[in-house]
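Take a look at the structure below. Keep it in view while you read.

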Amino acid sequence: MSIAVNVEEKLFQNRYKVDHGRPHIQIKDASICANDCRGRACTYICPAACYKLEGNGTVTLSTDGCLECGSCRIICSEHANVSWEYPRGGHGILFKFG
Amino acid sequence: MREKFDAIVVGAGPSGNAAAYTLAKAGLKVLQIERGEYPGSKNVQGAILYSDALEKIIPDFREDAPLERHIIEQRMWVLDNESFVGSHFRSDNYNKPPFNRYTILRAQFDKWFSQKVREAGALLICETTVEHLLMDGERVVGVRCDREGGDVFADVVVLADGVNSTLARKAGFHDEIRGKNVALAVKEILFLPEEMVQARFNVKEDEGVVIEMLGKITEGMVGTGFLYTNKDSLTIGIGCILEDFKNKNPNRSAPYALLEKLKRHPAVAPLIEGAEMKEYCAHLIPEGGFFAVPKIYGDGWLIVGDSGGFVNAAHREGSNLAMTTGRLAAETVIEAKSAGKPMSAQTLKAYKTMVDESFVMKDLHKYRHLPEVLHQNNQFFTAYPELVNHAAKTLFTVDGADKHSKEREIRGSFRASRSLVGLMSDAYKLWRATR
C-alpha cells in the first residue's frame with residue numbers, strides 16, 4: 001500500500017537558490033511523454049515530485065524543488081527525453097546538513 | 001598568457017578533497033572547482049566517516065574535524081510490516097580511542113576538509129559549474145567553466161564530480177549510467193535534544209548507534225533503510241535500486257512514500273517521535289560494484305570517488321573508497337610529476353594498478369556477483385523477512401502449543417514458501433556472492 005505524502009512540505013525545509021527562467025532540466029519533446037511513454041516513471045520516481053502527470057495526459061516539469069540526483073535522466077532510458085545539466089554555479093539546492 | 005595548473009580537481013567532496021589536499025601538500029599547483037555555494041552544499045551522505053581512510057591523509061583529523069558521535073553499536077534489522085528480527089553488536093572496545101568510525105554531517109565535514117585543502121595551498125573556486133572538458137585530440141587539457149573566460153588548463157584533470165559523472169560521460173569516456181547500477185536514496189534529518197538521543201539509543205555523550213534495515217520496508221525492491229544517531233539529531237533514510245522503482249514497483253510507490261512508511265514502522269516510530277525535520281535530501285549511490293566501474297584513467301584525466309562507481313554497497317562503505325581513490329590518484333600524479341613523465345594514459349595507468357591492489361577493488365571483486373544475485377532473487381527482500389519474523393513470533397509466543405509442533409510449523413512455512421531445493425539454492429547463491 002502506498003502512503004500519500006506531501007512532498008512540498010518536506011521541500012519547504014530545504015534551502016534553494018532558484019535560477020529563475022533558466023531550468024537546468026528540460027523535457028526535450030513533450031509529445032513523447034504524452035503519446036509514446038506509457039510508464040511515465042518520472043512522475044512517481046522523482047524524489048522532489050518535479051514531474052507531474054496532468055489530467056490531459058501530458059507530463060509537466062518544474063525544477064524549482066529539484067534535489068539534483070539525476071534519477072529522471074537515467075530512468076528515461078527508453079526515450080532519452082530528458083535534457084539534464086547541473087544548475088549554473090551557486091544555484092539550485094543548498095544543503096545545510098547534507 | 002593563459003594560466004596553467006599542474007592539476008585541476010573537479011568537485012569538493014571526499015574524493016576531490018582527498019586528491020586536492022594530497023596534491024597541494026606535495027607542492028603542486030592545484031585548482032579545485034566546486035559548483036556549490038560552499039563545499040558540502042551539494043553533497044549528500046548517510047553519513048558515516050571511516051577513520052582509516054582519512055587518517056592516511058590527515059592523521060590528526062580528530063583534533064578539529066566536526067564529528068558527531070563515534071559508533072559503539074551496530075544493529076541489523078530484518079523487518080516485516082509489524083516486527084523486526086535483529087542482531088546487535090555493541091562493544092566497549094569501540095569506546096577506546098582512536099575511534100574507528102563516526103557519524104558526520106556532510107555540509108559541515110566537507111567545509112572543514114576543504115579548509116584543510118586550502119591551507120595545504122590549493123586554490124578553490126566555488127559557485128562554478130564545469131560544463132565540459134577541454135580536449136586536444138584524445139588528451140584532456142583543461143575544463144570549461146560557466147564563467148566568463150571560463151577556460152582553465154592543467155596537465156591533468158581529476159574528475160571528482162560525483163555519481164552522475166557528467167564530465168566523463170559528456171567526453172565519451174563511458175556511457176550513460178544504467179538504472180540497475182545506482183540506488184536512489186532519500187533521507188531526512190530529524191532534530192531531537194541530545195539527552196533524548198542518548199536515552200532512546202542507550203548511549204552516553206558522544207557515543208552513537210547505527211541501524212541498517214532490510215525487508216518489507218522496500219516493498220520487494222532491492223534496497224535498505226538506515227537510522228543513524230548524530231549529536232542532537234537523527235538521520236533516517238531508505239534507498240532502492242533505481243531500476244527497481246521502475247520495474248519492481250507495481251504500486252508506483254515514490255521514494256518519499258517508502259521513507260514515510262519507514263518512519264511509521266512500529267519499530268522505528270518510537271525512536272523518532274517528536275523530532276523536528278529540518279532537511280530532506282535525495283541522492284544516487286553507485287551500487288553496481290565491480291563490473292560497473294568504468295575506465296578510470298586516460299590521457300590527462302583520472303576518475304575518483306562516486307564518479308568511478310567506488311562504493312561497496314554490501315558494507316555500506318563509500319566515503320572511505322572515495323578518499324582512498326582520491327589519494328591514490330594524487331599520489332600517481334605526484335610521482336609522475338617528480339619523474340618528469342607526461343600525464344599520458346600510459347603514465348596514469350599506475351593509478352589503476354594501485355586501486356586494483358588496494359582494499360577498494362579487492363572488496364568490490366569479492367562482492368562482484370552480489371548485485372546480480374540480489375537483482376534476480378527478490379525473496380531476500382520479501383519472503384525471507386516475513387518467514388524470519390513469522391518464525392520468531394511462532395517460537396516466542398506462548399499459547400499452549402508444544403515446541404515440537406511450533407518448530408514443525410516454522411519448518412513447514414519455510415518449505416511452503418521456498419521449497420527445500422529453493423532454500424538450499426538461496427543459501428548457496430548468497431554464499432557464492434559474498435565469499
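This is a predicted model: local features need pLDDT of at least 70, side-chain atom pairs count only at pLDDT 80 or more; totals for chains, interfaces and linings use all residues.

Residues are numbered from 1 along each chain as its sequence is written, and chains are lettered from A and ligands numbered from 1 in the order in which they are written.

Start with chain B. Its domain assignment lists domain 1 (4-67 + 104-174 + 294-357), domain 2 (180-286) and domain 3 (371-434). Such bounds come from an automatic or database domain assignment. Between the C-alpha centres of domain 2 and domain 3 of chain B there are 25 Å. Eight residues of domain 2 of chain B and seven residues of domain 3 of chain B make up their contact. Two residues are in contact if their C-beta atoms, placed from the backbone, lie within 7 Å. On the domain 2 side of this contact in chain B, three residues are nonpolar, three are polar and two are charged. Here Ala, Val, Leu, Ile, Met, Phe, Trp, Tyr, Cys and Pro count as nonpolar, Asp, Glu, Lys and Arg as charged, and the others, Gly among them, as polar.

Now look inside. The largest nonpolar core has 151 residues. A nonpolar core is a set of buried Ala, Val, Leu, Ile, Met, Phe, Trp, Tyr and Cys residues joined through C-beta atoms within 7 Å. A residue is buried if 20 or more other C-beta atoms lie within 10 Å of its own, exposed if 12 or fewer, and partly exposed in between, with C-beta atoms placed from the backbone. The members that touch the most others are B:Ala7, B:Ile8, B:Val10, B:Val157, B:Val158, B:Leu159 and B:Leu302. Domain 1 and domain 2 of chain B both give residues to this core, so it lies between them. Take B:Ala7 as an example. Leaving aside residues up to four places away in sequence, B:Ala7 touches residues including B:Leu23, B:Val30, B:Val156 and B:Val333.

Helix H7 (residues 255-264) of chain B is mostly covered, with nine of its 10 residues buried. Among them are B:Tyr256, B:Leu258 and B:Leu262, and also B:Glu260 and B:Lys261. Helices (H or I, at least four residues) and strands (E, at least two) are DSSP runs, numbered from the N terminus.

Which strands pair with strand E4 (residues 69-79) of chain B? Two strands pair if DSSP finds at least two bridges between them. Strand E12 (residues 207-215) of chain B runs parallel to E4(B), with nine bridges. Strand E5 (residues 84-90) of chain B is antiparallel to E4(B), with seven bridges. E4(B) and E5(B) form a hairpin, with four residues between them. Strand E6 (residues 101-103) of chain B is also antiparallel to E4(B), joined by two bridges. Now follow single residues. B:Gln74 has B:Val210 as its bridge partner in E12(B) and B:Phe89 as its bridge partner in E5(B). B:Arg75 is opposite B:His88 in E5(B). B:His70 is partnered by B:Tyr102 in E6(B).

Next comes the backbone. Most residues other than glycine have a negative phi, and most peptide bonds are trans. A cis peptide bond joins B:Pro97 and B:Pro98, with omega about 0 degrees. B:Pro98 sits in the loop between E5 and E6 of chain B. Another cis bond links B:Gly46 to B:Ala47, with omega about 20 degrees. B:Ala47 belongs to the loop between strand E2 (30-33) and strand E3 (48-50) of chain B.

Phi is positive, near 45 degrees, at B:Ser165, a residue other than glycine. B:Ser165 lies in the loop between strand E10 (151-159) and helix H4 (166-170) of chain B. B:Ser165 counts as buried because it has 23 C-beta neighbours inside 10 Å.

Chain A meets chain B through 32 residues of chain A and 45 residues of chain B. Elements giving two or more residues to the chain A side are helix H1 (7-11), helix H3 (42-45), helix H4 (71-75) and strand E6 (92-94) of chain A. That side has 18 nonpolar, 10 polar and four charged residues.
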